[in-house]
Structures are given as C-alpha cells and as structure tokens.
Amino acid sequence: MKGSKPRNVLPGFGLSMGFTIFYLSVIVLIPLSAVLFKTFELSWPEFWKTVTSARVLAAYRVSFLTAFFAGLVNLVFGMLIAWVLVRYRFPGKKLIDSLVDLPFALPTAVAGIALTAIYAPNGWIGSYLAPLGIKVAYSPIGITIALIFIGLPFVVRTVQPVLQDLEKETEEAAVMLGAYRLRTFWKVILPELMPALVTGFAMAFARGIGEYGSVVFISGNMPLKTEITPLLIMTKLEQYDYAGATAIALVMLIVSFLMLLVINLLQWQMNRRTIAR
Amino acid sequence: MAGTITVHLNKEASKRPEHVTESGPVRWILIAIALLFLGLIVVLPLLSIFVEAFKKGVGVYIDSIKDPDAMSALKLTLTTALIAVPLNTVFGIAAAWAISKFRFRGKNILITLIDLPFAVSPVISGMVYVLLFGAQGFLGPWLDDRGIQIIFALPGIVLATVFVTVPFVARELIPHMQAQGVQEEEAASSLGAKGWQIFWRVTLPNIKWGLLYGIILCNARAMGEFGAVSVVSGHIRGETNTLPLHIEILYNEYQFSASFAVASLLVMLAVVTLIVKSIVEWKSSSQH
Amino acid sequence: MKKITHVRSVVIILALTLVLAACGQSGNNTNTTTNKPANAATDAPATNATDEPAKAEPKPPVELLNVSYDPTRELYVEYNEAFAKHWKEETGQEVTIKQSHGGSGKQGRAVIDGLKADVVTLALGYDIDAIVEPGLINEDWQSKFEHNSAPYTSTIVFLVRKGNPKGIKDWNDLIKDKVEVITPNPKTSGGARWNYLAAWGYALKQNGGDEAKAQEFVAELFKHVPVLDSGARGSTTTFVERGIGDVLLAWENEAFLSINELGPDKFEIVYPSLSILAEPPVAVVDKVVDERGTREVSEAYLKYLYSDEGQEIAAKNYYRPINETVLAKYKETFKDLELLTIDQDFDGWKTAQEKHFADGGVFDKIYTPGS
C-alpha cells in the first residue's frame, strides 16, 4: 500500500513542495538559525565552558533523567490505556478517549499549578504521602509527574492506531499454535507495537526535556538538584546573557533534532521492512 | 512517528472472539488500572481546577470571566488562534501532499524538521523571535526604523504560536495520506480532472477526519500555549496578555479562584471541541 | 459513493467556516463589550471637561506604558487612577496608563528588546542601568528625580507562621537546625538580591568584616532553603499556599500584603535587628518618550509619585514613603530599624552585582558541587 513508484501523473508537487519549504524556512529554520548565529558571538572555549559548567551539567542530568523516567512510565501506562481503549468496551469510553488529549490543550502553567496544589505536602494527595516521608512536589518525582502529564498523549496516540490495525489473524494463528495469551502478547503483539512504542516514548522524552511552564511550579528549582535546563536558559536571559542562553539552547536543539531524526529513520526502515514482507 | 494521534474507535474491536481476548476479570483489572492512572494524572488536576474555580462561589466565577481584562485576553487568544490555525492547516495539507504523494530525496530530514517544534523547548521557541525581531536582534534596528513592532505585539504572539503548532495538522495528515495511496488520484487524473479538482473531490473527502482532528488539536494547543508566548508578549494588561498569561497574572495577584476560573474556561473550550469531534465522528460512522 | 463523499466534504467545509465565523463573531462581541465600559468611562469626564472653563486647548488622549516588577501591582492600580484624575484636572488631557508586571530582570530585558515602555519602575537600579547600556535611558537617570529617583523605599523582613513556633528573631536564627527558609532565586529575582545582601551585611557586621565568614553564613543560609522560586510572588505562594518552610524572606510590602490577602490570623511579621534599605527606582525611558512625544506626561507621572497624594498611596500599599510628614502619619506601620544601604555598604549595584550575582560570583559558589 505504501508502494513507491515514480508518481509523475499527479500535479502540484512544485507548488506544495515549494510552499512547504518556504513556510518551514520562515517559521522554523530562519528563527532557529538565529540561535546558532547568536552563539557564534562566543569563542569556542567560552562556549564549551558555558555548556559544561557544573550547574548546567547537573541541569542536563535532571532534565534527561526525569524525562526518561516519565517516558518509561508513559510507555507502560500509555500502552495499557491504548490497549483498553482499542480492545475493550466499557461505559464512558468516548469521554475517556477525549480526556487523553487534554494535556495537549491545557496551558502548561495551569497544569503545573494544579499538579503542585495536589502533590504539595498540604495537597489532596501530598498530605497522604507526606507522613510516609514521600516528597513529591519540589523533588525530582514532582518533575517526573509533570512530564508524565505532558507526555501521555504522545504514547497513547501513537500506539492506538497500530493496535487497531493489528491483524486478528496473526493473533489467532498464535492461539491455534497453542500459545498462551501472555505469550502471544510478548511474542506476537509487542514486536508489532515496538516501532510505535519507540516513537511515542521518544516524542514524550523529547517534549519532556524542553518542558518549562509546568515544571517550574512543581520542581522547587534547587540548583544541582531540581533545576531543569530550560530554567537555566531563562535565568541566563534574565541576567542579560543572551549568548550564554543560546549556547545551552543550541545543545538542546541539536539533541532534539538528532533524536527525532533517528526516530524517523527507524520508522522509515521498519516501514520498508513491512513492505518487503 | 508515522501514525501519531490518530483515533478511530473501531466498533468491531470490542466484539473480539473469546480466544483472542483476555478473561473477564483480567479485562476489568486492566481497565481499572488504566482508569486509575488517567484519574491520578489527568482527571485529578482538572478536577482541582474546577474545585478551586468555584471555591468562592458562582458569582466570583462569572465576574472573573466577565472582567474586561479577561475578555480582552480571550479576544487576543481567539484572534491568535484564528490566524495561526488556518496558516498551519494550509501548510499541513501542502506538506502532507508533497510528502505522501511524491518521492524525493531528504524526505526524512523534511519530516524531522516538521516534527522539530514538538521537541523544541517553549522557552527557545519564544527566544528565537526575540533574537530575530527584538530591538537588539538581527532585524530589530531595520524594523524599528520603519516603526514596525513585531515582538511585544500581536505579530510576535502569532508567530510564536504558529511555531509551536506547526506539526499538528501535517503530522496528522501524512500517515493518513500515505496509507491512502495514490490510485484514486491517479484515476481521477486519467479521467481528465485538474489538480484542484482532484484535491477537493478525491483527496479531501478521504482525509477529512484526520484533517478535522489535526485542526482541533492545533487549535487547542494554539489557545493554550504559555511558555513561548510568555517570552514575546510583554505582558501588557488588556493588550498583549493571552488567556494563559492572564491566568498567570491572576495567580500572581493571589486571586486564585479567578485564575482557576479563567483556566476552566480554557479546559471547557478544549473539552467541548473534543466532544463535538467524537459526536460528529460517531454520527458519520453510524451512517454507513 | 463519490457523490456522497463530495456532499459531505462540502458540509465539512461549511461547518468549518461556520466555526471560524463564530469565533470571529465572538471575537467581535468581546471587542464591543470591552470597548463599551471604556468608552463610557472616557465619555463621562469628557463632558465634564467641556463644562469647566477650558484651561488650555484640549490635547488628544494619551496612553502610557509603565513596565514594572511584580510586587507593585496593587500600588500602581491605585496610583494610576489617582494620577489620571490629577492630570485631567491639571491639563484637561485624558491619560490611560497600561501596566506590565513581571520579574524585574525579565521586565528590564523586555524593554531592551523593544517593549515600548514610557516609564520603568523596577526593583533595583541595576536593571535600569542595563537599559541605559543600549542607549534607551540617559546615563544621568538617577539624578532626574529626588532621592536617587526612588520615590518610595522598602526593606526586607521575615514572615513567620502565627505565634512564631520556631522562635525566629534575627538572621542567625535562620541557620538553626530544622529551620526552613523560603526565598526566591537571587539570579532571577530582584527582591531576592536584597534578601541575600541583607543577610550578607548582617554576617559581615557580626564577624567584624570577615568576608570568608560572611560567605560561610550565606552558604549555610541557602542550605536551609528547600524551594527556590524564580520570583517573589512564587515564593510567597509556596510559603503561604503550599505551607512549605518556617520563614519567608520578603519585601516588607509583600509581607503586609500577604497577611492582608491570605490570612491575618495565620502569619506575623518579624523585624530582624538589621536589614537593608531597598530603593526601587523609577525612570523615564528617554528614547521611547521622545519618539512618542510623551515626555511631558511621563515625567509628570513619575514626579507625582513624590506628591503628598502619591506618597500617601505608596504608604497605603506598604511602601515606605520618603516624605517625612507622610511617614510620620504611618509610624505605626513602619517600624524603625537599622538599615544598610547599597551605595554605602556595597559600593553600588554594579559592584554588588559583579561580586555576588554574576556567573562565577559568590552566589554561584554556594551552588558549586563539593563546596
């Protein structure tokens, strides 16, 4: 179905391609290149010193670790939610399905404030956790929860269509061969879902590294402990240090771009393999 | 990430034969876990917004929404979305057409570039426009000489919003149009249909659900964007404050109820569009 | 089949245009509703003005933008109204003042980047000096108005929970065991820099000017900080709403405000033995007012802050007035205490900034691993 042969019959390649490139250049590429040019104001040693100072390294660690764990949690529960939504029937399913998109729509600051209010030591949930010595708000756990909220739709919405298109026959064949349900899942279903899962995880992860609005409220912003990279960029900006801010931004941009590129290549290869089969 | 964010609640799915689904209890346990997780992560924060919003009574709630500053913020937010969403829709269709109907080199890079705004920190997305159009920026002095104000005014807010929402429509359409293939269009073309005719009569009817969904998400995100807009807005009350920024201001003035009331307005806008979408989708599928 | 889908596509497009039209409509509606009260407000005084004997030829209405920092929101709401009335009486001209609030540094940066502020009223001189650099404000701004261009002052106090359960009386109580201190980050918050410098000044005095000891003290102090918000308002919310910490280091006016707004029965103010004289300065943005032709009204706007009415409003909003008579009137509110000043004790903002808050400065050393 995704067979690719030369498609010269259809019109509009020049127009659509031209517009796409033009639009992307104006809206995305030229503005992002400003980051690069501004960073050039720093000499190489200055740049290196900025992006590898202890505070910045600690912030990378916080950002990457929390985004990674949030991505993992979303991977498991996002798949579960997608599974439940696709395969089972229960009352209120449509509503639940719509709810999954809400983190896209809610202003991140509002999400941050609401989550902080819930998980602070005097909040709805926080007040039950505090006596147990579990600190959620103002700790890396809080950041992770905010990032789970932000990233959840990415995983669910990537896995859902794949799960839907999964052919029943493959599963049935496995059952006929006597495989147990759990085994079918591990051996037949999971491998089919893998590309979608990886994509969803990576999107949630990439989004998590950059998230700012929701995290600053819940993180506590302690240097070396709960200070995230975007906050450091903000701090540098407010200290009138533009070049320093863009230097850190550049590092983040490159990481995001490479990660997305790898996903897209992976996806492309997997698609080709499916076609070849 | 082909096939993001696509939903078709397949009605057949739930009528699976017994041997390829789980036993009753397992099924309910899985449903329960999924709902519990959603409850903790998504529903509870939403609930808390509404509880806070109505804490001081319906009167305060209505007053804070009717407040002139809130209204001007609402107007600015709608204006912004009204400009940003159609732009990104046109872009999304063009990009999806080029990517799914033709072969060319560097397609992966192009798709990655379209995805990039998803992964760029909102702080950076706002900052880049300051670097470009700010008074100290690359184009700033030139613009200033001509009296053109981009950042700290509507154009800057629109640009930042457009940047953040670039991928939504395109990313929704690309997998749809790829799956759909080119046969129908080629057939139409061989019957002598012109380019736009092919698009309006053959392609669009096929992708309309994906398109609608992409537009809804794009719109929701456009209205809710906080970080990027915060950098370029200038926070002038009643002038360059969007709804999310107005929420922050109210919160910072210790008017917690009012702030959550305005936030609940945004939540309701989002919920309503999503519900309308599923109703329309359901109606159309029951027609078949 | 083809026909049906065709019809459907038309329906979709129609629906979409309807939605868009509806959005546009509602946009227009809000437009008219917001305009109405504004018009009504401007109409009424306008008719009054024609009744009075005209003092001068009526000038067209003018709009000013005051870019300010976070804690002045309530102050300027009240002051703007008073000034508009005063200006109307004086010249017959309508003036509307728009406000923008945010962290002091962020606001300064916005003005540098092209936010067309007629006047800036920020938390510290350093942020105005930053605007001087690209030539937006003339270098002599600090001598433009009386009292170093600071029409009101404030200081740093402690806000503690009712009954002061941890018995906090002075700075050295803050580093006692199990005391948690809430302050914003000095790197991003103007107010927090005053907090930090007050603590530094106290330690310096206690240790007879030994800077190493002072550095030890502030380092220890920041070890007692569990949450470092980016702005003053964020810290207040953390302390008051989230119930974190035993003491909040805050602007005097913020402390009073949070008691009034959020619970008179929950908090009390503690004055330390020594604090710092915070002088939030004001300035006219020369380049903008000359471009827009608003110099006269902008200067009058800032000048009126020094008038009896302006001082009164400042005092009512818990800013210490510099006018002695007004200050005497509010003696009950503003307790006398020993105050350091930035110019005498810290050689001005530039030196303080470079030494303490610049990258690699004393504050950064507190948060260097292994120290």
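Helices here are DSSP runs of H or I with at least four residues, and strands are runs of E with at least two, numbered from the N terminus. With that in hand, Glu253(B) sits in the loop between helix H12 (243-252) and helix H13 (256-287) of chain B.

Some ground rules before we start. This is a predicted model, where local features need pLDDT of at least 70, side-chain atom pairs count only at pLDDT 80 or more, and totals for chains, interfaces and linings use all residues. Residues are numbered from 1 along each chain as its sequence is written, chains are lettered from A and ligands numbered from 1 in the order in which they are written, and side-chain values use heavy atoms, leaving out hydrogens and water.

**Exercise 1. Work out whether Glu253(B) is buried or exposed, and which residues it touches.**

Step 1: take the cut-offs, with buried meaning under 20% relative accessible area, exposed over 50% and partly exposed in between (1.4 Å probe, protein chains only).
Step 2: Glu253(B) has 8% relative accessibility, so it counts as buried.
Step 3: look for contacts, meaning heavy atoms within 4.5 Å. Leaving out residues up to four places away in sequence, Glu253(B) touches Arg237(B), Arg73(C), Glu74(C), Arg233(C) and Glu261(C).

**Exercise 2. Describe the interface of chain A and chain B.**

Step 1: 108 residues of chain A are in contact with 112 residues of chain B.
Step 2: buried area is the accessible area (1.4 Å probe) that two parts lose on being put together, summed over both. For chain A and chain B that comes to about 10100 Å², with 77% of it on carbon and sulfur atoms.
Step 3: helix H1 (residues 13-39) of chain A gives the largest share of the side that touches chain B, 19 residues.
Step 4: sort that side of chain A by class, and you get 75 nonpolar, 17 polar and 16 charged residues. Here Ala, Val, Leu, Ile, Met, Phe, Trp, Tyr, Cys and Pro count as nonpolar, Asp, Glu, Lys and Arg as charged, and the others, Gly among them, as polar.
Step 5: Between chain A and chain B the count is 0.

**Exercise 3. Find where the salt-bridge partners Arg157(A) and Asp97(A) lie.**

Step 1: their closest N and O atoms are 3.3 Å apart.
Step 2: Arg157(A) is in helix H8 (residues 140-165) and Asp97(A) in helix H4 (residues 93-99) of chain A, 60 residues apart.
Step 3: Arg157(A) is buried at 0% relative accessible area, and Asp97(A) is buried too, at 4%.

**Exercise 4. Check the confidence in chain B.**

Step 1: pLDDT is the predictor's confidence in each residue, from 0 to 100. Chain B averages 84, and 91% of its residues score at least 70.
Step 2: over residues 1-14 of chain B, pLDDT stays under 50.

Key: A salt bridge is a side-chain nitrogen of Lys or Arg within 4 Å of a carboxyl oxygen of Asp or Glu.
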